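User: I'd like to go through the terms used for this model and see what stands behind each one. Can you take me through it?

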Amino acid sequence: MEPRTPWQALARSRYPRSSWPWRSAGYLAGGGVVGALACAVLLVLGVFSLFLVGLPLLLLAGLALGRAERLRLRLADLDPVPDPHRVPAAPGLAAWLRTRVTEQATWRELAYALLLATVLWPLDLLALAVGVGLPLALLGTPFQLAADGHEVKVVKAYLVTSYPEALAAALVGAVLLVALAYPLAAVAGARAALARALLTPRETERPGAIGEVIASRARLVDAFEAERRRIERDLHDGAQQRLVALTMTLGLARLDAPPGGPLAEQLAKAHAEAGQVLTELRELIHGIHPQVLADYGLGPALADAADRSAVPVDTDVDALPRLPASVESAAYFAGCEALANIGKHSGARRARVTARHTGGALRLDVEDDGHGGADPARGSGLTGLADRIAVLDGTLTIMSPPGGPTLLRVEIPCPALPTGSASSSPRTASSSGRD
């Protein structure tokens, strides 16, 4: 990848042969010129500001300088430099001024203008004089001696009276031109980084970007749930139906085979194996996206999961309304994972699942009377569920002191769907009666 800034270019072996030394020098030279002009303009506006006339112009000067500096920044930074200012909500000069005055970017630009006019441009010229001016002065020693004919004082410090001395000074200048190109680029990179930090938008100044992140995250969740349902449908309508047909065919073949013979035994084994595979496939389909969750909602799905738990579970989930499909799915699998962990690790005698939708949020509690000490970091599977719930702006909390009891709490902000609406995609009549 090609370097985008002087700092990145410094790490390349071919840096002295690239355009970055001259880009860095040009950026610093431009900073000296623009800074000197800004100093003069701000001095004049500062005088007028004493009479309250130059204050609006001072603000406008910061805006203009910020735009110019963003254009000039392309010399030392090839990444895009977006404008940090918002579009006014209404047309007209008053709306434009009101928008600009209330933006943090406007005041950062003014601060940058003051910094450039007072501190930065002398530093730019100083770095340029040392990094470029000194080597070029040494390189020009033979020409200066030829023009004078007798002697020349190099950089006002060293007297040269012969051509061997002049050529030696030129050689030193050539070496310094290459050697000082590295610190020159470092200074230019620092200046460019400062300009980018002050003159480009921050995340908090981009409300559209935050909204787009939230919207794209919601789209990803919906796409994930749609893909789960597609896989479940394909398995049910494809592989499961073929296994059912295979099981029936093997059963009919067993009836036609001579009883007690080796063929009948092999067919019986194949029939039993096909039945076991069919059972496992049905369990897999149920785990991908349970039919009861899609048809009846989170409450009945949690009650069904509690009935299949290895530990006796009391449920209080009857008051739940239908919720968005992504919320129901995330809460259901969190509850199933919690019940599975209770059966495997807790040593509990009894558990309880409680789910409520109040205050515009779903709260699911799974409690057990086991020995406690649950730690999601030890690979209980809850870490992935916590990430999935976080995508929905929800939280997963585990309170499990040593000795118990353990409480897993899921909280997801979500609206309740209108009565009679389904949270999942519509299904055909033929698919509503699945095994």
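**Strands, helices and their labels**

Analyst: Let's start with a strand pair: β3 (residues 313-316) and β4 (residues 351-358) run parallel and are joined by 4 bridges. This is a predicted model, where local features need pLDDT of at least 70, side-chain atom pairs count only at pLDDT 80 or more, and totals for chains, interfaces and linings use all residues. Residues are numbered from 1 along each chain as its sequence is written, and side-chain values use heavy atoms, with hydrogens and water left out.

User: What makes β3 and β4 a pair?

Analyst: Two strands pair if DSSP finds at least two bridges between them; β3 and β4 have 4 bridges. For instance, Thr-315 has Val-353 in β4 as its bridge partner. The elements themselves are DSSP runs, numbered from the N terminus: helices are H or I with at least four residues, strands are E with at least two.

User: Which hand does the β3 to β4 crossover have, and what does the term rest on?

Analyst: The β-α-β crossover is left-handed, with the chain passing from β3 through helix α13 (residues 325-346) to β4. The rule: point the strands away from the viewer, and a clockwise path from the first strand over the helix to the second is right-handed.

User: Why are α12 and α13 called roughly parallel?

Analyst: The axes of α12 (residues 298-307) and α13 cross at roughly 15° and come within 10 Å. Axes are lines fitted to C-alpha atoms, for helices over the stretch in contact, and angles run from 0 to 180 degrees between N-to-C directions. Angles under 35 degrees count as roughly parallel, over 145 as roughly antiparallel, 65 to 115 as roughly perpendicular and the rest as oblique. So α12 and α13 are roughly parallel to each other.

User: Which residues of α12 and α13 meet?

Analyst: With contact meaning heavy atoms within 4.5 Å, Leu-298, Ala-301, Leu-302, Ala-305 and Ala-306 in α12 meet Glu-328, Ala-331, Tyr-332, Gly-335, Cys-336 and Leu-339 in α13.

User: What is the order of the strands in the sheet, and which ones are at the edges?

Analyst: The open sheet has 5 strands in the order β3-β4-β5-β7-β6, with mixed pairing. β3 and β6 (395-399) are the edge strands, as each pairs on one side only. From one strand to the next, the twist averages 10°.

User: How many bridges join β4 to β5?

Analyst: There are 8 bridges between β4 and β5 (residues 361-368), and these strands run antiparallel. Val-353 has Val-366 in β5 as its bridge partner.
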